[in-house]
Amino acid sequence: MSQLTYAQIDQAIINTLTPPRKSYWLIVFLLFCGVFVGAACWVYQIFIGIGVAGQNNPAAWGTYLINFVFWVGIAHSGTLISAILHLFRAGWRNPIARAAETMTVIAVSIAGLFPFIHLGRVWQVYYMLPYPNQRMLWPNFLSPLVFDVVAISTYLTVSSLFWYTGLLPDLAAVRDRSTGLRRKIFKALSFGWTGAHEQWRHYGRGYLFFAALATPLVISVHSVVSWDFALGIVPGWHTTIFAPYFVAGAIHSGLAMVLTLMIPLRTMFKYENIITMEVLENVAKTIVFTGLIVGFAYGTEYFIAWYSHNSIEIEQFRWRALGDYRWGFYFMVLCNTLLPLLFVFKKVRTTIFALFVISLIVNFGMWWERFVIIVGGVAHGFSPHAWGLYAPTIIEYGIMLGSFSLFFFLFLLFAKHLPSVSMTEMKETAHHE
Amino acid sequence: MSETPKKSVAGSGKAAVFVSIALSTVGIVVFLAGTLGEHPERAWQAYLINFLLWSGIAQGAVLFSAVMHMTKARWTGPLSGLSMAFAGFFPLSFVLFLVLFIGKSYVFPWLHEDLHGKEVWLNLPFLFTRDGVGLLILYGIGFNYLYYALQLKIDPNQPSSGLRALVYKGWKRNNHNTGLIQRQMTIWGGLYILAFTLVLSLIGFDLVMAADPHWISTLFGGYTFVKAFYSGLGALIILAGLSRLRNGEASGLTRNQFHDIGKLFFAFCLLWADFFYVQLIVIWYGNIPEETHYVIARTVTQPWRSLAWTVFGLSFILPFIILINKKIKTVPVAMIVLCAITIIGIWLEHLLLLGPAFSHEPASLPLGLPEVLIFLGFLGLMVISVRRFIRTFPETAAVAARS
Amino acid sequence: MNSAETHILGLFKSEDQAAESIRELAKSPYSLKRTNTPFPSHKIMDALKLKPSKVGLFTLVGGITGFLSGFLLAIFTATRWNLIVSGKPIISLIPFFIVGFEFTILFAVFGNFIGLLTQARLPSFKGLDQYYDPRCSGEYFGVLAACQAGQQDGLKQLFEKQGGEIKEFNETI
């Protein structure tokens with residue numbers, strides 16, 4: 001990383017918080033329209049009923065689950081970068097940690113919407129909470145869906161607190177360079193942080209513990225999500241490899257989304273000497289690694305399906321590669337494992353266009369992986385007479401559009417109103433070189 | 001350059017030489033006696049368990065060096081060098097694998113079973129070919145990686161012959177070009193990591209999972225290689241601890257490095273336990289008899305149940321509780337003891353997984369003095385191999401290396 | 001606070017200068033009140049000879065509470081529906097472990113956050129309103145010291161010797 005002075009770091013990042021141009025607000029507005037479309041579709045579904053979506057017999061789980069897993073997966077990379085790489089003292093994570101952690105908070109929130117969306121009677125969602133009631137009914141903590149409630153709420157809470165704690169010193173830095181209303185707001189948000197040695201002493205410990213606690217949380221949350229499928233006996237779902245396979249896949253898709261976000265951000269905000277090519281390269285190299293893990297899982301599943309000599313298991317995997325949804329399978333293998341291997345070549349991973357395009361390809365592939373697993377499992381189970389197909393309806397497409405729009409909408413708002421790179425950590429990095 | 005007036009870990013420790021040779025001899029004798037006695041299956045079972053355990057330790061320890069290079073870690077210092085020394089066991093491991101063929105009727109319970117079509121995969125020629133080739137590839141890539149890694153460490157002033165001369169010639173041929181050598185290390189290190197995952201998965205499926213030929217677990221391969229890395233790290237910490245105790249500051253090993261590798265060990269303790277639990281919850285919850293019989297045999301019925309809890313206690317609970325404390329990681333004696341206990345736990349875990357497949361409803365655990373002596377015999381072989389490597393390349397235990 | 005004390009803030013561009021001035025202050029008759037830095041500096045922390053933070057205690061207590069609460073919640077709710085479902089025992093520790101684990105992390109994080117806030121005494125605006133300079137969150141390391149009225153020059157000299165800029169405060173009682 002180039003030798004930046006503290007003043008240069010401050011300047012580069014504070015400059016991004018200047019009042020945005022009209023083109024920014026136009027994009028924000030368009031994204032808001034997307035969110036509105038999604039919300040409208042959801043409201044329509046609440047009034048008419050869950051039948052307006054495509055899930056039915058036998059495929060009772062469709063895009064709502066796919067998107068749920070997709071967004072939780074995206075969230076995991078943010079925690080990997082901000083927490084796990086902090087524990088490994090990998091300094092290259094510093095320029096992207098703030099944006100990655102924000103991506104996590106936004107993605108978990110959106111993921112958390114999908115169980116609500118999937119409920120027909122949303123107004124009864126409070127049934128999921130353990131509270132004493134007249135009929136003495138309690139949630140069944142043996143159910144993986146209830147594990148999900150616990151895990152996702154924990155992840156959302158922990159990520160938000162971690163994100164906010166990380167922001168505190170930066171909020172103070174912005175406060176000290178602001179005037180008027182903005183100064184007042186940031187003064188309140190920064191809790192009166194002064195950078196006193198007493199504050200830093202406890203902060204350092206607290207942040208380390210946050211990172212140390214968030215790490216097992218990342219692994220456990222997506223393992224719990226994978227168990228929504230693996231704890232059932234559905235062929236193609238009931239397999240022990242799911243937990244690490246899903247965690248690796250989550251990190252894979254999340255890293256790709258990090259690239260998708262960071263590359264435009266870096267250009268717009270002129271962060272080229274903060275989010276350097278080395279940082280992007282390291283993300284790309286990690287994507288090769290996670291892509292191979294995911295490929296290993298694909299291969300192992302096929303091998304064991306054959307080894308088991310279980311005709312039902314073999315049929316599920318035969319159909320996956322040759323049946324009605326085989327294109328999803330081809331996208332999955334091509335986009336998740338094979339194409340990212342191009343990052344092995346330095347030329348590819350140092351070309352911005354290639355980085356951006358492959359990151360989109362990986363996210364495309366990872367969405368299809370969830371489709372192949374989820375829809376493939378329910379559509380083609382034990383009894384041939386019960387086999388069926390599934391296709392999303394326009395309402396589901398609308399809600400999906402809403403979720404993607406909401407993600408970018410919130411991220412854009414974040415990027416222009418809060419420091420998108422951690423000034424504090426950048427100064428620490430600059431200091432150590 | 002390396003400082004010479006320092007006792008190498010492998011140095012003049014005559015006691016260590018004597019003990020390791022004695023242990024190996026006793027182990028070999030006990031094993032041979034067992035194979036010729038009334039229960040040859042017990043001797044061969046012990047042989048298989050130890051082959052898997054100690055090969056895994058060696059493969060996992062060398063993996064540390066490759067991974068640290070690939071991630072461009074800067075904290076490791078002499079630890080990367082020490083981890084390379086475990087490659088000394090590779091040739092012996094391959095020979096030990098071939099010897100398994102002699103005991104084939106005892107180590108492959110499926111030989112005499114009706115496999116309903118799996119014979120295509122589970123047959124002796126194919127199994128030995130693929131696993132043998134796999135080990136050759138893994139060890140070959142490992143040695144090639146070391147060929148380059150050692151070029152960065154080799155001290156031309158030390159006498160060189162044989163293997164040392166080979167490395168030195170390579171160093172000269174590469175025109176002392178550090179960048180070129182490191183690029184080769186990246187390629188071969190990356191290939192080693194890939195081969196490690198694939199070959200250890202294969203070994204796990206073929207030699208351990210297949211012992212119960214009608215049981216499957218897709219994560220079993222992953223579980224095998226995580227276990228190998230975990231135990232390899234433990235062995236590395238023991239070697240590092242011994243080096244520190246013997247040479248003090250001259251070993252080049254600092255408190256921070258012990259702290260860091262202790263943390264890595266703790267992390268893999270958790271990961272190993274996680275990979276175990278992840279299989280358990282899926283099988284327990286699905287409650288499918290074809291899967292659960294394996295788990296029930298090992299965790300519900302005696303005598304395996306007590307063994308299961310022992311393994312859990314030694315290799316998870318104990319390291320977990322102890323390693324939460326920060327200071328203990330920097331006390332070499334404590335870490336040596338802890339890692340030794342953990343490795344014993346993993347040894348017992350191998351017995352837990354394979355035992356019920358070999359002996360159905362035994363009166364007591366097939367764990368007696370002969371098994372312990374065979375375990376110690378393999379330990380002796382490992383010590384001899386590591387010492388030989390360090391004696392050939394004392395630079396691996398030295399502080400300075402060209403960077 | 002002694003109303004006859006004056007506070008002076010020394011601002012340094014380099015942490016070495018700041019650390020050196022802290023060591024000088026320890027030998028001087030002036031009292032060091034606190035430092036304000038844009039990021040945690042090990043050199044300054046070392047010069048201050050600080051004790052390790054107790055935040056970890058809060059985290060541990062939170063974690064233990066969470067572990068027990070998670071299991072207790074799952075066990076309690078399971079015993080309210082005393083029928084075998086899916087062939088699984090009423091109280092099954094293997095799946096309940098997941099609930100216990102997540103609660104452990106959640107409550108440990110709560111403990112951590114509360115510990116951080118209480119130990120660092122946040123939110124608090126007193127330090128901000130009283131003796132603070134906005135440059136301390138930018139590129140300067142601030143060292144705040146107090147001296148008796150009339151001794152300001154000596155204190156200013158100490159700071160200037162280490163290369164620092166001076167900021168005086170309008171002291172009103």
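## Stop one: chain C

Before going on, some housekeeping. This is a predicted model, where local features need pLDDT of at least 70 and side-chain atom pairs count only at pLDDT 80 or more, while totals for chains, interfaces and linings use all residues. Residues are numbered from 1 along each chain as its sequence is written, chains are lettered from A and ligands numbered from 1 in the order in which they are written, and side-chain values use heavy atoms, with hydrogens and water left out.

(Helices are DSSP runs of H or I with at least four residues, strands are runs of E with at least two, both numbered from the N terminus; the radius is taken over C-alpha atoms, and the rule is 2.2 Å times the number of residues to the power 0.38.) Draw a box along the principal axes and the C-alpha atoms fill roughly 80 × 35 × 25 Å.

Next, colour chain C by domain: domain 1 is 5–52 + 134–169 and domain 2 is 55–119, with bounds from an automatic or database domain assignment. Their centres, taken over C-alpha atoms, are 46 Å apart.

Then zoom in on Pro123(C). The peptide bond from Leu122(C) to Pro123(C) is cis, with omega near -15°, and Pro123(C) sits in the loop between α4 (93–120) and α5 (126–129).

## Stop two: chain B

How many helices and strands does the secondary structure of chain B come to? The count is 14 helices and zero strands. Its radius of gyration is 21 Å, close to the 22 Å that the globule rule gives for 403 residues, so chain B is as compact as a globular protein of that length. The C-alpha box is roughly 60 × 45 × 40 Å along the principal axes.

Of the 403 residues in chain B, 58% are buried (buried is under 20% relative accessible area, exposed over 50%, partly exposed in between, with a 1.4 Å probe and protein chains only).

Two loops deserve a click:

- Pro303(B), in the loop between α11 (289–299) and α12 (304–323): the peptide bond from Gln302(B) is cis, with omega near 0°.
- Glu361(B), in the loop between α13 (332–358) and α14 (369–392): phi is near 50°, a positive value in a residue other than glycine, and at 78% relative accessibility it counts as exposed.

## Stop three: chain A

Select Arg89(A), in the loop between α3 (63–87) and α4 (94–118). Its phi is positive, about 55°, although it is not a glycine.

Finish at Thr300(A), in helix α9 (residues 277–308). Is Thr300(A) buried or exposed? At 6% relative accessibility, Thr300(A) counts as buried. Leaving aside neighbours within four places in sequence, Thr300(A) is in contact (heavy atoms within 4.5 Å) with Ile241(A), Phe205(B) and Thr218(B).
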